[in-house]
Amino acid sequence: MKKNPVKKSRNSPRGNATCNKDFFFFFLIQELLRVMRTIDDRIVHELNTTIPTASFVGKVDASQTCKELYQSLMEAHTSRERIIKSCIAQTSSVVKTLREEREKAQDDIALLKQLRKEQTKLKLMQSELNVEEVVNDRSWKVFNERCRIHYKPPKSQ
């Protein structure tokens, strides 16, 4: 069994990832995001095990639990969004530079291949941002359904 090189952390996973010119790094970024989405994948279980039913109301501080979950979700969503947008910005910059070079050397096939490769990577990162939006929406929906009577988040959401 392989060991996962990415540390699984519920709180604050590494947010300093960079996008290099290789697709290998895109897949590493994708794996990092997958691990960072663990909190979103397990939110229903988390809420079911921590938010009390009517018969157990006095045994757990649901408002504190919801507040902590809210903070964890905010941190996770912010970290992932920062990583994805950073990769998009870096890749966009590379694409722009390659386009400018391509205008000067239109016969350079290797340059064209590199440009297409970077454009593909940019599209993949942009689609990852769409995935992130869907994951976040789902998590907030579940959070709000279960925590709305226990905790009212600040207006920034």
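Axes here are lines fitted to C-alpha atoms, for helices over the stretch in contact, and angles run from 0 to 180 degrees between N-to-C directions. Helices (H or I, at least four residues) and strands (E, at least two) are DSSP runs, numbered from the N terminus.

**Entry 1: the model.** I am working with a predicted model, in which local features need pLDDT of at least 70 and side-chain atom pairs count only at pLDDT 80 or more, while totals for chains, interfaces and linings use all residues. Residues are numbered from 1 along each chain as its sequence is written, and side-chain values use heavy atoms, with hydrogens and water left out.

**Entry 2: the chain as a whole.** I counted five helices and zero strands in the protein chain, and along the sequence the pattern reads α-α-α-α-α. I then looked up burial (buried is under 20% relative accessible area, exposed over 50%, partly exposed in between, with a 1.4 Å probe and protein chains only), and found that 35% of the 157 residues are buried. For contacts (heavy atoms within 4.5 Å), I noted that among those with a separation of 6 or more, 77% come from residues 24 or more positions apart.

**Entry 3: α3 against α5.** I found that the axes of α3 and α5 come within 10 Å and cross at roughly 15°. The two helices are therefore roughly parallel to each other, on a scale where angles under 35 degrees count as roughly parallel, over 145 as roughly antiparallel, 65 to 115 as roughly perpendicular and the rest as oblique. Their crossing is right-handed; a crossing is left-handed if the near helix is turned anticlockwise from the far one by less than a right angle, and right-handed if clockwise. I listed Ile43, Val44, Leu47 and Asn48 on the α3 side, and Arg138, Ser139, Val142, Phe143, Arg146 and Cys147 on the α5 side. These residues divide into six nonpolar, two polar and two charged, where Ala, Val, Leu, Ile, Met, Phe, Trp, Tyr, Cys and Pro count as nonpolar, Asp, Glu, Lys and Arg as charged, and the others, Gly among them, as polar.

I took a further look at Asn48, whose place is in helix α3, and which counts as partly exposed at 48% relative accessibility. Asn48 and Arg146 are 98 residues apart in sequence, yet 8.8 Å apart in space, C-alpha to C-alpha.

**Entry 4: α3 against α4.** Helix α3 (residues 43-50) packs on α4 at an angle of about 165°, with the axes 11 Å apart, and the two are therefore roughly antiparallel. I recorded a right-handed crossing for this pair, with the contact made by Ile43, Glu46, Leu47 and Thr50 of α3 and Thr65, Leu69 and Leu73 of α4.

**Entry 5: α4 against α5.** For this pair I found axes that come within 9 Å and cross at roughly 165°, which makes α4 roughly antiparallel to α5. α4 passes α5 in a left-handed crossing, and the contact residues divide into 21 nonpolar, eight polar and nine charged.

**Entry 6: the disulfide.** I found one disulfide in the structure, a term used for a pair of cysteine sulfur atoms within 2.5 Å. Cys66 is joined to Cys147, with an S to S distance of 2.1 Å. Because Cys66 lies in helix α4 (residues 62-104) and Cys147 in helix α5 (residues 109-147), the pair ties together parts that are 81 residues apart in sequence. I noted that both Cys66 and Cys147 are buried, and that their link is left-handed, with -80° about the S-S bond.
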